[in-house]
Amino acid sequence: MHSAVLKLDSRLPDELLYGRMGYLYTLLFINKYYNGEKVPYRCIQEVCEVVIRSGENFAVHKRMKNLSPLLYEWYGEYYVGPAHGLAGIYYYLMQPECNVGSEKLHTLVRPSVEYVRQLKYPSGNYPACIGDNRDLLVHWCHGAPGVIYMLTQAYKIFQHSEYLAEAAQCAEISWQRGLLKKGYGLCHGAAGNAYSFLAMYNLTHDLKYLYRACKFAEWCMDYGHHGCRTPDTPFSLFEGLAGTIYFLADLMDPAKAKFPAFEI
């Protein structure tokens with residue numbers, strides 16, 4: 001499987017849920033929870049290198065290299081959020097465990113992060129795709145609650161305060177608009193949006209964010225009482241009850257909370 005992931009001419013996308021980033025997350029997960037180099041770091045670096053080459057090639061192909069040195073698509077769209085798009089890919093490329101070199105971080109990844117920042121709506125929310133001018137979606141998969149992870153990681157790596165300020169703005173969008181009729185799940189629901197508060201709490205230790213996560217948990221504890229839509233897969237991790245339960249369990253030890261199958 002590893003050799004197939006490294007083939008640039010394959011039809012494998014680079015995004016998280018169906019592509020190379022999901023494979024990369026699995027490798028990082030194994031090393032983290034088995035407390036050692038079960039997966040050789042060389043294998044992790046190889047995946048990152050092919051993702052970077054893929055993004056460079058596509059940016060050149062679409063004549064967007066001057067705007068964003070790295071660019072990715074999924075099903076013909078330039079998605080922004082972490083599930084299928086740019087924010088998720090850049091989040092992983094900035095992970096220390098991926099060991100992307102300083103030169104590439106500063107000449108390829110950071111300018112691409114800056115391009116995503118320019119896509120922000122006046123409200124502080126982010127589009128689902130490049131060119132989408134409808135400020136509608138406030139989800140982990142599409143919108144500020146997902147882009148926040150790219151911004152917090154950029155702050156950790158580059159230590160520039162504007163990243164932290166924009167991450168705080170994303171958390172504010174989650175607070176104002178993050179209780180969704182789509183339900184209580186992780187991908188596009190209240191539990192997933194609440195993880196943006198936990199990300200900010202663990203970065204800043206500001207109790208305001210823990211309070212907000214707890215208030216969203218109260219909403220989730222009244223599961224089924226708000227007229228929300230029933231998910232297509234009602235018991236699944238990303239859409240259904242399993243993800244909501246995971247979030248509620250994470251609140252028992254918020255300092256260790258991580259968005260499942262995404263955060264490192």
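**Note on the annotated site and helix H3**

1. Phenylalanine 238 sits in the loop that joins helix H9 (207–221) to helix H10 (241–250). The model is a predicted one. Since buried means under 20% relative accessible area, phenylalanine 238, at 19%, counts as buried.

2. Beyond the residues within four places in sequence, the contacts of phenylalanine 238 are Leu17, Trp140, Gly185, Leu186, Cys187, Phe259, Pro260 and Ala261.

3. The unreviewed UniProt entry places the feature "binding site" at Cys141, Cys187 and His188. These positions are spread over 48 residues of sequence, yet they cluster in space, with a largest C-alpha distance of 6.4 Å.

4. Cysteine 187 is found in the loop between helix H7 (161–177) and helix H8 (190–204). Its relative accessibility is 10%, so cysteine 187 counts as buried. Not counting residues up to four places away in sequence, cysteine 187 touches His139, Trp140, Cys141 and Phe238. Among these is Cys141, which the UniProt record also lists under "binding site".

5. Histidine 188 lies in the loop between H7 and H8. With a relative accessible area of 17%, histidine 188 is buried. Setting aside neighbours within four places in sequence, histidine 188 contacts His139, Cys141, Leu180, Lys182, Gly183, Arg229 and Glu239.

6. Which residues touch cysteine 187, leaving out those up to four places away in sequence? They are His139, Trp140, Cys141 and Phe238.

7. A separate point concerns helix H3 (residues 41–61), which has 21 residues. From its first C-alpha to its last, H3 reaches 30 Å, close to the 30 Å expected at 1.5 Å a residue. After H3 comes arginine 63, which has a positive phi, near 55°.

8. The buried residues in H3 are Cys43, Ile44, Val47, Cys48, Val50, Val51, Ile52, Ser54, Gly55, Phe58 and Ala59. Their cover includes helix H1 (2–5), helix H2 (20–33), helix H4 (86–93) and helix H5 (102–118).

Note on methods
Residues are numbered from 1 along each chain as its sequence is written. This is a predicted model: local features need pLDDT of at least 70, side-chain atom pairs count only at pLDDT 80 or more; totals for chains, interfaces and linings use all residues. Side-chain values use heavy atoms; hydrogens and water are left out. UniProt positions are given in the numbering used here, feature names are shortened, and annotations may be inferred rather than shown by experiment. Helices (H or I, at least four residues) and strands (E, at least two) are DSSP runs, numbered from the N terminus. Buried means under 20% relative accessible area, exposed over 50%, partly exposed in between (1.4 Å probe, protein chains only). Contact means heavy atoms within 4.5 Å. The expected span of a helix is 1.5 Å times one less than its number of residues.
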